[in-house]
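Hi everyone, thanks for coming. Let me put today's protein up on the screen, and then I'll walk you through it.

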Amino acid sequence: MAENLETGQIRLDKWLWHARFFRSRSIASTVCKARKVRVDGTIAAKASVTVRTGQVLTFPQGPHIRVVKILALGTRRGPATEAQALYDDLSPIEAQKEALKEERKTAVAVREAGSGRPTKADRRATDKLKDWD
């Protein structure tokens, strides 16, 4: 398949790997095959979908949803600084991290009395009530 130099296109899984979003090309391919990547709003059903500069990709990466615009195709999987020049991040992860922290703060797990297994404090209170030593 003629890639980036002749046609200005590259396989989706290969670009995701070049841009260092995934550790290996096979992981990038698996995400693509699972239909979790969108190219300009359309679901990419295969890893062999070709992408070019100017297109917008949306895909999950860990607990975050990444939205990136392709600025360059790249010729190799280089260092992180080189990889960051390949895309423009349209959804900063910092904002998503802050939202996750706020969600975790409000979702405090409170155990209702009498539900489930008693805690150590509950057991001690029961023992004190029964006068067991």
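Of the contacts (heavy atoms within 4.5 Å) in the protein with a separation of 6 or more, 42% are between residues 24 or more positions apart. Please keep in mind that this is a predicted model: local features need pLDDT of at least 70, side-chain atom pairs count only at pLDDT 80 or more, and totals for chains, interfaces and linings use all residues. Residues are numbered from 1 along each chain as its sequence is written, and side-chain values use heavy atoms, with hydrogens and water left out.

Now the layout. The protein has six helices and seven strands, taken as DSSP runs numbered from the N terminus, with H or I and at least four residues for helices, E and at least two for strands. Along the sequence the pattern reads α-β-α-α-β-β-β-β-β-α-β-α-α.

How much of the protein counts as buried? Of its 133 residues, 27% do, where buried means under 20% relative accessible area, exposed over 50%, and partly exposed in between, with a 1.4 Å probe and protein chains only.

His64 sits in strand 6 and Lys97 in helix 5, residues 93-106. They are 33 residues apart in sequence, yet 8.2 Å apart in space, C-alpha to C-alpha. His64 is buried, at a relative accessible area of 10%, while Lys97 is partly exposed, at 46%. Leaving aside residues up to four places away in sequence, His64 touches Phe59, Ile93, Gln96, Lys97 and Leu100.
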